[in-house]
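Morning, everyone. Please have the sequence and the model open. I'll go through it region by region.

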Amino acid sequence: MDRTAKPRFPAISAGFVSLDIFPGLAYINGIEFDRIFIPGRAVEIDATTFATGGSVSNTGMALVKLGIETRLIGRIGQDPYGDILQQIYRRRGKNLADGLRIIPDETTGHTYVIDPKGQERRFLFHPGSNDHFGLEDIGEENLDIAGLFHFGYPTSIKRLSASDGNDLTAIYQHAKQKGLTTSMDTSMPDPTRFSGQADWKNIFRKVLPYTDLFLPSFEEILFMLDRERFERLNRSGDVIAKAEKTLIWDLADQLLEMGAGIVMIKLGYRGLYLRTAKIDRLHQLGRAAPSDLAAWEDLMIYQPSYKVSVAGTTGAGDACIAGLLAAFLRDISPDDAVKAANGAGACCCEKPDAFSGIQSWEQMCDRIDNGWEIVKEI
């Protein structure tokens with residue numbers, strides 16, 4: 001790992017932003033949680049904590065900690081949730097909240113994270129102002145100074161899932177017209193709401209030709225491309241554990257055929273899979289393209305996870321993306337880029353929130369180079 005490599009361009013982290021609210025449940029184990037949380041019973045908890053959430057915060061702040069100058073762009077309401085969110089950003093850097101567009105009479109997106117010990121997290125989220133995000137929220141001056149444009153969670157933004165994805169495509173077309181390298185991360189659609197009803201195959205066929213790096217999780221992309229198979233695997237337990245390599249490869253190839261340049265499928269505790277297009281598509285990667293495009297052509301790379309003591313998994317996928325993008329902006333080789341992706345995701349898991357576990361680029365590179373143990377393929 002090249003710990004001395006310098007970033008070539010600033011980045012933009014745009015999209016879904018929220019205030020994450022963590023009720024103090026860490027002292028309660030999962031079995032106890034199910035037993036004591038019953039109708040009519042009052043349960044004392046530890047202090048509630050607040051954190052920045054959503055892709056804008058999780059990926060954007062991880063990029064900042066990894067040494068990338070990053071502009072955070074999101075849409076929030078003029079309300080107490082928004083006030084708390086801005087206060088947290090300003091404590092981390094005086095200009096970090098400058099890219100947030102504050103809309104009177106709208107509510108700031110917020111998420112209650114229910115995370116008892118030993119259980120999968122549960123999320124109660126209200127998208128608020130995020131639902132109205134569009135091209136007008138980005139700002140031309142931001143696109144002019146950056147090399148890479150990353151957008152997170154369009155699947156959780158009503159306007160971008162609606163109208164057959166035309167508003168989402170317009171954002172990516174405009175970023176590409178400006179010469180930027182473009183990146184996208186998704187979130188799991190809600191089967192009961194607009195995101196679960198959208199025709200994602202059709203939307204991807206429109207937007208992926210303008211998306212240079214597409215970075216979904218396995219569960220998300222399986223749901224959107226093959227919902228019947230997802231539901232079958234989901235009924236029988238851990239979807240990631242049942243992810244056969246041939247299925248992962250097939251999903252990645254479908255996304256390349258739809259127009260993406262580079263696909264990274266996040267596999268949680270099993271690591272990640274990187275698949276890249278032919279050279280003709282890579283020539284369209286934009287301002288932050290690697291100097292040696294041939295080294296990135298037609299690759300299939302599986303990278304297992306690094307071993308850590310897990311304190312929480314909030315934001316781990318977003319941190320994984322930040323690791324890849326931080327390497328990409330430093331013109332790092334593909335093999336080292338996937339190590340950086342898994343390294344950042346693993347560091348994130350060592351703390352309960354999405355921010356405090358992220359290390360500097362130099363610290364993370366040293367840890368990888370010093371023989372950080374990997375988890376064997378499951």
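Two strands count as paired here if DSSP finds at least two bridges between them. Keep that rule in mind for the sheet. One caution before I go there: this is a predicted model.

Take strands β9 and β10. β9 covers residues 181-185, and β10 covers residues 213-214. They pair in the parallel sense, over two bridges. Which residue of β10 does Ser183 face? Ser183 stands opposite Leu213.

Asp105 is in the loop between β5 and β6. Its phi is near 65°, a positive value in a residue other than glycine. Most residues other than glycine have a negative phi. Is Asp105 buried or exposed? Asp105 counts as exposed, because its relative accessibility is 82% and the cut-off is over 50%.

Asp298 also has a positive phi, near 50°. Asp298 lies in the loop between α12 and β13. At 34% relative accessibility, Asp298 counts as partly exposed.

On to the nonpolar cores. The largest has 99 residues. Those with the most contacts inside it are Phe149, Phe151, Phe204, Phe218, Met264 and Trp361. Which helix gives the largest share of this core? Helix α13, residues 316-329, with eleven residues.

Stay on Trp361 for a moment. Set aside neighbours within four places in sequence. Trp361 then contacts Met1, Asp2 and Arg3, among others. Its partners also include Lys65 and Leu66. Further along the chain, Gly323, Ala326, Ala327, Arg330, Ile332 and Ala340 are in contact with Trp361 too.

There is also a second, separate core, of 13 residues. Ile76, Leu85, Leu96 and Ala97 are among them.

Gln86 lies in helix α3, residues 80-92. Buried or exposed? Gln86 counts as buried, because its relative accessibility is 9% and buried means under 20%. Beyond its neighbours within four places in sequence, Gln86 is in contact with Ile76, Leu100 and Ile102.

Now empty space. Rolling a probe the size of a water molecule over the atoms shows where empty space is left.

How many cavities of 30 Å³ or more are there? One. The largest cavity has a volume of about 50 Å³. Its lining is Ala51, Thr52, Ser57, Asn58, Met61, Ala62, Arg92, Asp353, Ala354 and Phe355. Two elements give two or more residues to that lining: β3, residues 46-53, and α2, residues 54-65. α2 gives the most, with four residues. By class, the lining has five nonpolar, three polar and two charged residues.

Then the second largest pocket. Its volume is about 180 Å³. It is lined by 15 residues, and the closest to its centre are Glu69, Thr70, Arg71, Leu72 and Leu96. Leu96 we have already met, in the second core. Which elements supply at least two residues each to this lining? β1, β4 and α4. β4 has the largest share, three residues. The lining divides into nine nonpolar, four polar and two charged residues.

α4 takes us to Ile145. Ile145 is in that helix, residues 140-145. Ile145 is exposed, with a relative accessible area of 53%.

Met188 is partly exposed, with a relative accessible area of 35%. Not counting residues up to four places away in sequence, Met188 touches Glu219, Glu220, Phe223 and Phe230. How far is Met188 from Leu19? They are 169 residues apart in sequence, and 18 Å apart in space, C-alpha to C-alpha.

That's my tour. Over to you.

Terms used: Residues are numbered from 1 along each chain as its sequence is written. This is a predicted model: local features need pLDDT of at least 70, side-chain atom pairs count only at pLDDT 80 or more; totals for chains, interfaces and linings use all residues. Side-chain values use heavy atoms; hydrogens and water are left out. Buried means under 20% relative accessible area, exposed over 50%, partly exposed in between (1.4 Å probe, protein chains only). On a 1 Å grid over the protein atoms alone, a cavity is a set of points where a 1.4 Å probe fits but cannot get out, and a pocket is an open set with protein on both sides within 12 Å along at least five of seven lines; lining residues have an atom within 4 Å of a point. Grid points are joined across faces, edges and corners, and a volume is the space filled by probe spheres set on the points. Ala, Val, Leu, Ile, Met, Phe, Trp, Tyr, Cys and Pro count as nonpolar, Asp, Glu, Lys and Arg as charged, and the others, Gly among them, as polar. A nonpolar core is a set of buried Ala, Val, Leu, Ile, Met, Phe, Trp, Tyr and Cys residues joined through side-chain atoms within 4.5 Å. Contact means heavy atoms within 4.5 Å.
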